[in-house]
Amino acid sequence: MSFGRPPSISVGFSATPPDRGSFPLDHYGECKQYMQTYLNCLRKNGNNSTPCRHLNKDYLECRMNRGLMERDEWRNLGLNGVGESGSSAVVKDNPKDRPNV
């Protein structure tokens, strides 16, 4: 046993991927504007996420595009049809809610 020192790599150390749902933090703030816009929308709507779903989708899209989370289908993330034309789940887009990127 090695108390107080890191384990030896030759002992069979193997890295494991993170559990589904855990992903790297946005240390460089690449998606910070999207996150802040989404959180502001939640505050304005009393933490009701329905009017902010399009902003949630934008935020997750930003994270996927920058490798901060694994790309997944929108239906698996509960956002299928959000922001698509002709869908009954579409929430009116307010340009004031969009980040200036």
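Helices here are DSSP runs of type H or I with at least four residues, numbered from the N terminus. With that in hand, welcome to a quick tour of a predicted model. We will look at how helix α1 (residues 32-44) and helix α2 (residues 53-65) sit against each other, then visit asparagine 47 in the loop between α1 and α2 and threonine 37 in helix α1.

**How the two helices pack**
- The axes of α1 and α2 come within 9 Å, and their crossing angle is roughly 160 degrees.
- Angles over 145 degrees count as roughly antiparallel, so α1 and α2 are roughly antiparallel to each other.
- The crossing of α1 past α2 is left-handed.
- On the α1 side, the contact involves Tyr34, Met35, Thr37, Tyr38 and Cys41, which meet Leu55, Asn56, Asp58, Tyr59 and Cys62 of α2.

**The loop between the helices**
- Asparagine 47 belongs to the loop that lies between α1 and α2.
- Its phi is near 65 degrees, a positive value in a residue that is not glycine.
- Asparagine 47 has 64% relative accessibility and therefore counts as exposed, the cut-off being over 50%.

**A closer look at threonine 37**
- Threonine 37 is part of helix α1 and is one of the residues that meet α2.
- With 14% relative accessibility, threonine 37 counts as buried, because buried means under 20%.
- A polar atom of the threonine 37 side chain lies 2.7 Å from the backbone oxygen of glutamine 33.

How values were computed
Residues are numbered from 1 along each chain as its sequence is written. This is a predicted model: local features need pLDDT of at least 70, side-chain atom pairs count only at pLDDT 80 or more; totals for chains, interfaces and linings use all residues. Side-chain values use heavy atoms; hydrogens and water are left out. Axes are lines fitted to C-alpha atoms, for helices over the stretch in contact, and angles run from 0 to 180 degrees between N-to-C directions. Angles under 35 degrees count as roughly parallel, over 145 as roughly antiparallel, 65 to 115 as roughly perpendicular and the rest as oblique. A crossing is left-handed if the near helix is turned anticlockwise from the far one by less than a right angle, and right-handed if clockwise. Contact means heavy atoms within 4.5 Å. Buried means under 20% relative accessible area, exposed over 50%, partly exposed in between (1.4 Å probe, protein chains only). A polar contact is a pair of N or O atoms within 3.5 Å; within protein, one must be able to donate a hydrogen and the other to accept it, and residues adjacent in sequence count only if both atoms are side-chain atoms.
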